Amino acid sequence: MIKERINKLRELMRKNKIDAYVVLSTDPHASEYVPALWQRRAWLSGFDGSAGDVVVTMKKAGLWTDSRYFLQAEQQLQGTGIDLYKAGLPETPDMLTFLKQELNEGQTVGIDPRVISYQQASQWQKELALRKIKMKFLEENLVDALWEDQPEMPQDPIMVWEDKYAGESVESKLARIRQKMAEKGCQTHVLTQLDAIAWTFNIRSRDVDYNPVVIAYAVITEDEAELFVHKKKVTRALKKHLKGLAKIRHYDNFKKRLLKLARRKTRVWLDGSSVNYWVAMLLQKRCELFLEESPVTLFKAIKNETELAGMRACHIRDGVAMVRFLKWLEENVPQGGVTEMSAAQRLEKFRAEQSLYQGPSFETISAYGEHGAIVHYACSPETDVELKPEGIYLIDSGGQYLDGTTDITRTLALGEPTEEQRDRFTRILKGHIDLAIASFPVGTQGIQLDTLARKALWEIGQNYGHGTGHGVGAFLSVHEGPQGISFYRGIGVPLEVGMVCSNEPGFYKAGEYGMRVENLIVVVKDEQKSSKEWSFLKFENLTYCPIDLKLVDLNLLTREEIDYLNAYHKKVYDILAPYLKKEERQWLKEKTQPV
């Protein structure tokens, strides 16, 4: 089937007189999680990881993805005729280098201008022109032309996210954006990223799996705002919510609005890293483009007190669900019949019992044994296996609640762990704790703290191929920027009070097991360390759930780390116990005993 789709794509390429076609995994809004109707790369290649891009020439087809997905991609690309290019490895050419190697002078690369950023498209045009290779921006996406049963645009109604959760009105947010526009001399700001639009207008929906966002565009000028959404999604509540603040337009009229904007000379602010080439292409003939990160990105990342109160509250409810799940798992695995999928479904059931729950914040990673070594493994009927009272089980999951977003990973020894497993787990736990207790001066960036989480693994020549921490939204995307604790994400962005990140070092042994310990943490002021000369920051845990002590080798922990673990477990019990039944409290008491 995949080979047939590639062949049909090549026929369309001939008709359009292009020699290579690029299928990026994103959408017109630079989304990480893409709505079903725009999951073109997955449909064309059969690889359904969240990150990956495809290039098809007349003779070759390749898929580029990062180390999180190497094992999954190898499995899913078997027999398709699509080669795997392991991005980030020294021997792997990137897509642009591949195109320059494969194409000759005078040949053409085709792409949909809506799914490539302005920055990337400009760079590719410049680089390819040096080799006299042309780029052709096609009005129609060629995958769409082939995809007969392509899903339709979601029509779920738009929900108003009340101020009691948001902590700031739309009027206030628009005023802050306009103030930044004035500072930069911009008369218009065009917003294309879905989470930025959801934040600005205090709206949510179900257009993208796991992300409560609305497929939309927005245009904000000095005296008006326009929200472009599908009319079927508009409710009376939305009209009332935005009355006098923003005009509601049809999503399909966005192009017409851009062309109207382009008819007069004006300075337009576009988010340079995310805006697609199509938007910039329509505006750049007459408008002056100001390409800089949208002010919304940082506004959204720094949570206000209402949002933080919601995040703290939803994490307590989420912790209750996790305790019930872990107790259930311990009692039922020895009896047999529990599988990766049924375990994930049971956890979802426990979360669904909690108030304000809206659904998972991402696809649960329920990974037993060797599946745990696949960093972003997704269990399916084809891969599902039974959990047995032996080996290592990793469960990475999260919930969307009206008052916040959660993301937690716990690793469990279902039997007696090996000496190596205890060593590796304790080393990632050391990294997790050393990051959690860090105190750092204002202005510190996440990349400067990343080493703390890796040091214990580096000491034995080990590492992990993903970031240590990503930003998290408030009832929004589970991955958000600009901050991160990573070599890969959030470089150059200082951590600020109110930013929420994950803390998730891991270890993966291909073909055997994977381990990760993840809590969400929020940046707060370190009053104890701060002085007149220096202002210091630290982290506060949001996540409360026991850590499997069977996997801990106390000989590897320092006194400070042991004290932290005991204090954390005491807090887990003290915070969650009031919400648990008697037998659940007893179980939790045993799991949080001091060591």
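The report below takes up these topics in turn.

## Basis of the model

This is a predicted model, in which local features need pLDDT of at least 70 and side-chain atom pairs count only at pLDDT 80 or more, while totals for chains, interfaces and linings use all residues. Residues are numbered from 1 along each chain as its sequence is written, and side-chain values use heavy atoms, with hydrogens and water left out.

## Cysteines

Zero disulfides turn up in a search of the whole structure, a disulfide being a pair of cysteine sulfur atoms within 2.5 Å. C186 is in no disulfide, and the nearest cysteine sulfur, that of C287, is 11 Å away. C186 is buried at 2% relative accessibility, where buried means under 20% relative accessible area (1.4 Å probe, protein chains only); C287 is buried as well, with 6%.

## A loop residue

T192 sits in the loop between strand 8 (188-191) and helix 9 (194-201); helices (H or I, at least four residues) and strands (E, at least two) are DSSP runs, numbered from the N terminus. With a relative accessibility of 3%, T192 counts as buried. Not counting residues up to four places away in sequence, T192 touches H29, I197, A216, Y217, S274, V275 and V279, contact meaning heavy atoms within 4.5 Å. The C-alpha atom of T192 is 43 Å from that of G461, and these two residues are 269 residues apart along the chain.

Methods: Buried < 20%, exposed > 50% of the residue type's maximum accessible area, 1.4 Å probe, protein only.
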